[in-house]
Every structure is written in C-alpha cells, then in structure tokens.
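Reader: I have a new model open on my screen and would like to learn how to read it. Could you walk me through some of its features?

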Amino acid sequence: MIPDFSRLRDAVLSAALILAASMASADEPLILVHEDIDWRAMGGSGMEMAILSGDPATAAPYSFMVRVPQGTRIPPHSHPDTWRHSTIISGTMLWAFGDTFDEAAMVALTPGSFWTEPPGAEEVLIQNATV
C-alpha cells in the first residue's frame, strides 16, 4: 500500500506559500490581482519575469514569478546571492541539481511542486510541458 501524503503535501505547500509571502519586502501592505502583474521579457529567450515585491538589484528580500516557454532548456547555472524558494504554478518542469545536463536524472515538477536551493547550488532544468 502506498501512503497518502496529500494532506502533508498540502500543509507543506501552504507553509511554503506563507513563508514566501512573509519573505517579500514592502513598506506598505500589497495586494496584486492578475491584471496588475507586469510581465517583462528576460533577454531574447522568450522567458518573462514579473517582480511582485522588492527589488532584485538590492540585498533585501524580493518576490518574483517567471514564465518559461515550452521546450526551453536552461543550462547548468547557480544563483550566488541567497536561498531561493520556488513553486510550480502550471505546466511541468524537469529539474535537477548538478553541473551537467542529464535528463534521466531529472525530477518532473508538476503544479504545486516546491523546491529550495541554497546560494551557489548548481541547477539545471528544462521546461517540458505547456504552461
């Protein structure tokens, strides 16, 4: 029999969303509805980013969302600045830590999936499904 971890998963996801919200930095309370979110291109990759709160150019906490087009491959890289906490909202991403691209070692992250990564961790991912 396979244990049912759905209640634990839901509790962890709720805690993660609360943690992410508490990490956002703002001088005033902030509410954003879908129409208020400003999506901007991230280079020529087709990826888009929306800064929700704070300023990524400073050392202070900030929150953002990223849209990744289907089939996008992001090569191994790291983020040296701070811990990252990420939640998949829609679509499926294949994800792995490491410095080489090995699709067989990747984990499929579906909506509601969550991961953290410490500063300097090597990561590699591929957007594998329609979002």
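Predicted model: local features only at pLDDT ≥ 70, side-chain atom pairs only at ≥ 80, totals over all residues.

Reader: Thanks! Now the strands. How should I think about a sheet, and what order do β1, β2 and β3 have?

Author: In general, the strands of a sheet pair through backbone hydrogen bonds, and they can do so in parallel or antiparallel fashion. Here, three strands form an open sheet in the order β1-β2-β3, and the pairing is antiparallel. The edge strands, β1 (40–41) and β3 (63–67), each pair on one side only.

Reader: How many bridges join β2 to β3?

Author: Strand β2 (residues 48–53) is joined to β3 by five bridges, the two strands running antiparallel. To find one of these on your screen, go to Ser53, whose bridge partner in β3 is Ser63.

Reader: On to charged side chains. How many salt bridges does a search of the whole structure find?

Author: Such a search finds three. Let's take them in turn. In one, the side chains of Arg40 and Asp38 meet at 2.7 Å, N to O. Arg40 counts as exposed because its relative accessibility is 56%, whereas Asp38, at 40%, counts as partly exposed.

Reader: Which residue does Glu48 meet in a salt bridge?

Author: Glu48 meets Arg67, with 3.2 Å from N to O. This pair links distant parts of the chain: Glu48 belongs to strand β2 and Arg67 to strand β3, 19 residues apart. Glu48 has 26% relative accessibility, so it counts as partly exposed. Arg67 is partly exposed too, with a relative accessible area of 34%.

Reader: What else does Arg67 touch, not counting residues up to four places away in sequence?

Author: Besides Glu48, Arg67 touches His34, Trp39 and Met47 on that count. For a sense of spacing, Arg67 and Ala50 are 17 residues apart in sequence, with 8.6 Å between their C-alpha atoms.

Reader: And which residue forms a salt bridge with Arg73?

Author: That is Glu103, with the closest N and O atoms 3.4 Å apart. Here too the pair links distant parts of the chain: Arg73 is in strand β4 (residues 73–77), and Glu103 is in the loop between β6 (93–97) and β7 (107–109), 30 residues apart. Glu103 counts as partly exposed because its relative accessibility is 39%.

Reader: One last topic, confidence. What average pLDDT does the protein chain have?

Author: The average is 75, and 74% of the residues score at least 70. Among the elements of the chain, β1 has the highest mean pLDDT (94) and helix α1 (residues 6–23) the lowest (42). Over residues 1–25 the pLDDT is below 50, and this stretch has 14 contacts in the model beyond near neighbours in sequence.

Conventions
Residues numbered from 1 in each chain as written. Heavy atoms only, no water. Pairing = 2+ DSSP bridges. Helix = DSSP H or I, 4+ residues; strand = E, 2+ residues; numbered from the N terminus. Salt bridge = Lys/Arg side-chain N within 4 Å of Asp/Glu carboxyl O. Buried < 20%, exposed > 50% of the residue type's maximum accessible area, 1.4 Å probe, protein only. pLDDT = per-residue confidence, 0-100. Contact = heavy atoms within 4.5 Å.
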